[in-house]
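Please read them with the coordinates open.

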Amino acid sequence: MSDIDFRLEVRRWLAEHLTGEFAALVGTGGPGREHEHVAARLEWERELGRAGWIGLGWASEHGGSASFARQVIFFEEYARAGGPGRLSHIGEYLLAPTLIAYGTRAQQDRFLPPIARAEELWCQGYSEPDAGSDLAAVRTRAVLDGDVWRVTGQKVWTSMAQLADWCFVLARTDPHETRHRGLSFLLVPMRQPGIEVRPIVQLTGTSEFNEVFFDGAVTAAENVVGSPGDGWRVAIGTLGIERGVATLGQQVGFARELDEVIAAARANGLLDDPVYHDRVVDVWVGLQVLRHHALRTLASAGPATSGVEASVAKLLWASWHQRLGELALATAGPEAVLLPGQPYELSAAQRLFLFTRADTIYGGSHEIQRGIVADHLLGRSAR
Ligand SMILES: Cc1cc2nc3c(=O)[nH]c(=O)nc-3n(C[C@H](O)[C@H](O)[C@H](O)COP(=O)(O)OP(=O)(O)OC[C@H]3O[C@@H](n4cnc5c(N)ncnc54)[C@H](O)[C@@H]3O)c2cc1C
């Protein structure tokens with residue numbers, strides 16, 4: 001099958017399946033709208049899984065094997081069809097490639113199939129109250145007790161923890177080591193008495209992320225990826241993936257969001273204003289630049305780009321997305337400062353603007369990305 005036929009096949013499948021009970025999901029569940037139709041979106045994920053659309057980019061022995069071009073085609077068609085925000089993306093795009101790169105065959109066999117069927121959702125337990133940018137400062141600890149690890153500590157900003165079945169946790173397993181030595185990458189089941197999830201209300205009024213408290217939570221001894229004490233290498237590998245190919249999935253809705261802003265501008269006659277028109281063109285050009293930059297670097301580098309390439313891509317897309325949020329507010333005009341409904345109902349433009357404030361923080365803040373570019377591309381003296 002040619003890539004064109006593949007595109008037509010994806011488009012046809014989406015047109016046939018985003019109908020009936022799933023029609024109401026079109027355009028839902030995006031940034032700041034993660035609370036929408038959760039149960040139905042989970043059903044939708046399972047529909048995707050049954051058709052083999054989850055794990056397209058995994059190695060062929062794990063049911064993937066789609067070329068990079070086809071993964072991009074799938075993202076593009078998904079966005080064009082208004083496919084709902086994904087729930088299983090952390091498992092599919094972060095944990096699965098990590099297990100394929102660093103996990104044992106037994107771990108791959110245990111964890112990849114339920115991700116591909118959207119039966120187990122994952123969250124990422126890295127950040128802690130005093131360990132965000134400085135991830136090596138994590139204080140959550142795990143102790144091997146017979147055939148289980150006992151995990152104690154606190155994570156924060158854990159996206160999707162309220163829905164997740166499992167969490168990959170960076171924990172200190174050797175109390176005698178400091179910083180990036182003596183850490184382990186553990187796979188911990190979320191539904192157990194030793195774990196408490198507390199949602200954090202965000203600017204959007206919704207709660208996509210949470211605090212997660214571990215109080216002697218257990219996981220089987222074999223649920224450590226890489227060797228005990230080797231967790232930093234694995235965790236950094238996952239971060240390369242997070243800033244690399246996974247961002248294509250995240251960027252899935254950008255063109256669609258821009259289309260919506262332009263449609264709103266057309267409706268209120270703003271496109272006739274040359275100054276506003278210039279802003280739209282600027283944002284449109286920016287989108288083309290970042291898309292082609294991502295395609296070029298990811299096509300040459302594979303799923304995990306080098307730190308510096310991923311950092312450049314992240315600086316580009318996060319800044320661009322914030323500019324889009326600002327354009328959305330400008331398009332709404334004076335109404336942008338009024339809530340359309342009580343107690344805290346937001347318009348699409350307000351939600352987009354507020355959510356994009358987070359883009360320069362998660363996955364490594366802008367300052368951290370600039371530090372990486374300064375160190376590894378320009379040379380430290382350029383900082
Ligand atoms: C929407 C969202 C979702 C998230 N989801 C997850 C998740 O699922 N799992 C997870 O583990 N984490 C998640 N995070 C957390 C995210 O990774 C951290 O917020 C981020 O790494 C920054 O850490 P921090 O918040 O502790 O800020 P800090 O590290 O305390 O930084 C505070 C400020 O100081 C600056 N700064 C810090 N160090 C330096 C330095 N060396 N040089 C220059 N400036 C510096 C930072 O850029 C920032 O402006 C999420 C965050 C957001 C906003």
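1. Which residues of H1 are buried? They are Phe-6, Val-10, Trp-13 and Leu-14, where buried means under 20% relative accessible area and exposed over 50%, with partly exposed in between (1.4 Å probe, protein chains only). Seen down the axis of H1, these buried residues fall within an arc of 95°, so they line one face of the helix; the arc is that of the directions from the helix axis to the C-beta atoms. The face turned away from that buried side carries the exposed residues Ile-4 and Ala-15, and the cover over the buried residues includes helix H2 (38-50) and helix H3 (68-80).

2. On the basis of these notes: this is a predicted model, in which local features need pLDDT of at least 70 and side-chain atom pairs count only at pLDDT 80 or more, while totals for chains, interfaces and linings use all residues. Residues are numbered from 1 along each chain as its sequence is written, and side-chain values use heavy atoms, with hydrogens and water left out. Helices (H or I, at least four residues) and strands (E, at least two) are DSSP runs, numbered from the N terminus.

3. A polar atom of the Glu-92 side chain lies 2.8 Å from the backbone nitrogen of Gly-55. Leaving out residues up to four places away in sequence, Glu-92 touches residues including Trp-53, Trp-58 and Arg-86, contact meaning heavy atoms within 4.5 Å.

4. Of the 17 residues around the ligand, Ser-127, Ser-133, Trp-157, Ser-365 and Glu-367 come nearest, a residue being near if one of its heavy atoms lies within 4 Å. A backbone N or O atom of Gln-124 lies 2.7 Å from a nitrogen atom of the ligand. An oxygen atom of the ligand is 2.7 Å from a polar backbone atom of Ser-127, and a polar side-chain atom of Glu-367 lies 2.6 Å from an oxygen atom of the ligand.

Notes. Polar contact = N/O pair within 3.5 Å; in protein donor to acceptor, adjacent residues only side chain to side chain.
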